[in-house]
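Thank you all for making the time this morning. I would like to walk you through one structure, with the sequence and the model up on the screen as I talk.

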Amino acid sequence: MFMKKKLRSGFTTGACAAAAAKGATLLLLRGQDIDEVEIPFPDGSRFRFTLVEQETRQVVPGSVPKATASVIKDAGDDPDVTNGALISATVFMSEGEGEKIKLVAGEGVGTVTKPGLAVPPGMPAINPVPREMITQAVREALAEGGGDQQKCLTVEISIPQGLELAKQTLNERLGVIGGLSILGTTGIVKPVSAKAWTDTITTSMDVAKAAGVTEIVLSTGRTSEKALEQTDRFVPEAFIMMGDYLEYALQEAAKYPFQRLHMSGMWAKILKAALRIPQTHVRFGALEIKSAIACIQQLQPAHDFSYLTGSNTAREIYQRLMNNGDQKFVEMVCRAAKEYHEEVSGLPVTVYLVHHTGQIIAIAE
C-alpha cells in the first residue's frame, strides 16, 4: 500500500539565531571553538544545533574582542526562502546602563520602518519570541561559560544573504527595509502540507456558499487576487486563494452550486493552464519553454513565431509577443486556459490575465 511521506519539520530563523548567539557568547568567553550548542525553546523543550564558521577577533589592536558563530538553517520540508541560509551572531562586551543584552541588526537583517508590526519602527526586525529565545540562550552561555552576568553584551544578528533573499518576500511592502525579519513563535517550522492548503480551499468554498455567493474568484496569488478586488464587483467571501492547486480547486468548485468561476492569474500560470498542467507549482508542473512555444504555435500554425525561439522564461515569451504586435495570441492563450478550466469544472469560467503591476490586461469570457 502506498504510504504518504511524512513532512519533516525544521527550525525557525529565530531558533537558529539563538543557537548562533549562544555559540558566539561561549566562544567569546572560552576562546575556543564550540562544536554544537543546546538551547531552550518556548515550550520548555531543548534542541541541539551544529555551529559553523566560528571566529574571534579584534577589529583594531586594543579594541573589544568579538566572537562570531553561525548556524545553517534547516527548515525541514517547508518551502522557506531562508532554508540553507547562514544565520550568524557576533557578540562583544559593551559599556553602558540599561539592557544587559542588546540586540542589533547586522548585515541582511532588516529594520522596521512602519507601525503595525510586532516590533516598533526603528528597531531591528527581530520579533518578540526570537528576541526572548536569543536573550535566554545568551544568558545560558554566560552561566555555562562563567561570564559576569552584570556585564552588558551586544549581540548582532546577521544573514549574509538576507538582502537578496528579502526580495522574495513581502518585507519591503510591510515596512521592513534592508533585509529579512527574524521570525518564529515556537522555534519549530511545521511544513505546510498539500492537505492543509486544499482543506483551506474547501473551507473557503463552504464560507462562500454559506454567504450566498454564486460566483467565486479563484486566484493564483495575492497580486492576481487584488486585481479583481479593485473592480468592486465581488463580496469578500467570493475570493478564494487557490495558489498552485488549480485542478483541485476546479474539481472542488464543481461540487458547489456556484454559477460561474472567475479565474485570475499572471501569465506563467495562465500559460500552464493552457498547457493543461494541473498543479502549477514549479516543483510539480515546471513550465517547459519549448512546450509553451509549441502551444502558442498551434494557435495559428501558419504564423511565423520564429522570434520566440531562444526565450528563457514565460515572461520573455509574453514580452516578445507584445513587442511583435501579437497580443491576439496572448488573448488566445487565455481562451485556451478558459477551455481547460471549463472542461475540468463543468462551469462557465471567465479568465483574467493580470500583469505583474497588478493591472488586468486580458479577459477571456
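I will begin with the chain as a whole, then turn to the aromatic pairs, and finish with the salt bridges.

Please keep in mind throughout that this is a predicted model, and that every value I quote has been computed from it. The protein chain has 365 residues, of which buried residues make up 47%, and its secondary structure comes to 11 helices and 16 strands. If we take the contacts with a separation of 6 or more, residues 24 or more positions apart account for 65% of them. The chain exposes about 18400 Å², and carbon and sulfur atoms supply 52% of that area.

Let me move to the aromatic side chains. A pair of aromatic rings is described by the distance of the centres and the angle of the planes. In this structure there are 10 aromatic pairs, and I will take two of them in some detail.

In one of them, the ring centres of Phe-11 and Phe-47 are 5.4 Å apart and the planes stand at 70 degrees, which is over the 60 degrees required, so this pair is edge-to-face. Phe-11 belongs to strand β1, residues 10-11, while Phe-47 belongs to strand β3, residues 46-50, so the pair ties together parts that are 36 residues apart in sequence. With a relative accessible area of 18%, Phe-11 is buried, whereas Phe-47, at 29%, counts as partly exposed.

The other pair is Phe-305 with Phe-329, where the centres are 4.8 Å apart and the planes are at 75 degrees, so this pair, too, is edge-to-face. Here Phe-305 sits in the loop between α9 (289-299) and α10 (314-323), and Phe-329 sits in helix α11 (residues 327-345), so that the pair links distant parts of the chain, 24 residues apart. Phe-305 is buried at 2% relative accessibility, and Phe-329 is buried at 0%.

Coming back to Phe-11 and Phe-47, these two form one aromatic cluster together with Phe-41 and Phe-49. A ring can also have a charged side chain over its face, as with Phe-92, where Lys-66 lies at 4.6 Å from the ring centre.

That brings me to the charged pairs. Side chains of opposite charge can pair when their charged atoms come close.

Glu-144 forms a salt bridge with Lys-22, with the closest N and O atoms 2.9 Å apart. Glu-144 is in helix α2 (residues 128-144) and Lys-22 in helix α1 (residues 13-30), so this pair links distant parts of the chain, 122 residues apart.

Arg-222 is partly exposed, at 35%, and Glu-225 is buried, at 10%.

In the third, Lys-255 and Glu-252 bring their closest N and O atoms to 3.1 Å. Lys-255 is exposed at 62%, whereas Glu-252 is buried at 8%.

Finally, salt bridges that share partners join Lys-22, Glu-36, Glu-38, Arg-46, Arg-48, Glu-140 and Glu-144 into one network.

Conventions. Residues numbered from 1 in each chain as written. Predicted model: local features only at pLDDT ≥ 70, side-chain atom pairs only at ≥ 80, totals over all residues. Heavy atoms only, no water. Phe/Tyr/Trp six-rings, centres within 6.5 Å; stacked < 30°, edge-to-face > 60°. Helix = DSSP H or I, 4+ residues; strand = E, 2+ residues; numbered from the N terminus. Buried < 20%, exposed > 50% of the residue type's maximum accessible area, 1.4 Å probe, protein only. Lys NZ or Arg CZ within 6 Å of the ring centre and 35° of its normal. Contact = heavy atoms within 4.5 Å. Areas by Shrake-Rupley, 256 points an atom, 1.4 Å probe, with all protein chains shown as cover. Salt bridge = Lys/Arg side-chain N within 4 Å of Asp/Glu carboxyl O.
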